[in-house]
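Reader: Let's go through this one. Can you set out a cut-off before the details?
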Amino acid sequence: MKTSDSRYCKCMYFASGALARKMEKLAINNWKKVGLSPSHAYLLIMAIEEPGIQPGTLADELQLSPSTITRLIEKLEEKKLVIRTTEGKLTNVYPTPKGKDLHPQLKSCSAEFNESYTTILGKEESTRLVLNINRITDKL
């Protein structure tokens, strides 16, 4: 059934959830090439581009809870892609050489993901949708 044919098509909760699930599926399929979930991949990109980034900054940028960030970092540590260091009360996240080696592939996956939904939606609509989602999310 098309989402627009659902009895709940006028409910933002169900409509936004349906969109999120479809985008998640598209993203997961895209990021399989590097063996990471989208959240793990975006966190690793940030650690590579800002070595020593703090978990609080990662949580803010990725719009995830601190406990989720901790779990993501732990998984990336298990894969030997990042390391954490502690300096007093500060925790810093650094990419390992293995993590850094993935940077070109990660950037390519990111570009391919953007291209995949832009191809489906069209450039104008995808740009407008992202801007509107951000604006609405900021209001909530």
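Author: Contact here means heavy atoms within 4.5 Å. This is a predicted model, where local features need pLDDT of at least 70, side-chain atom pairs count only at pLDDT 80 or more, and totals for chains, interfaces and linings use all residues. Residues are numbered from 1 along each chain as its sequence is written, and side-chain values use heavy atoms, with hydrogens and water left out.

Reader: What does Y94 touch, leaving out residues up to four places away in sequence?
Author: Y94 touches P51, G52, L81, V82, I83, T85 and E87.

Reader: Where is Y94 found?
Author: Y94 lies in strand β2, residues 90-95. Helices (H or I, at least four residues) and strands (E, at least two) are DSSP runs, numbered from the N terminus.

Reader: Now α4. Which of its residues are buried?
Author: I69, L72, I73 and L76. Buried means under 20% relative accessible area, exposed over 50%, and partly exposed in between, with a 1.4 Å probe and protein chains only.

Reader: Why do they count as being on the same side of α4?
Author: Because they cover an arc of only 100° around the axis. The arc is that of the directions from the helix axis to the C-beta atoms.

Reader: What do the buried residues of α4 pack against?
Author: They pack against α2 (38-49), α3 (55-62), β1 (82-87) and β2. The face turned away from the buried side carries R71 and E78, which are exposed.

Reader: What happens just after α4?
Author: K80 takes a positive phi of about 60° there.

Reader: Back to Y94: buried or partly exposed?
Author: Partly exposed, because its relative accessible area is 26%.
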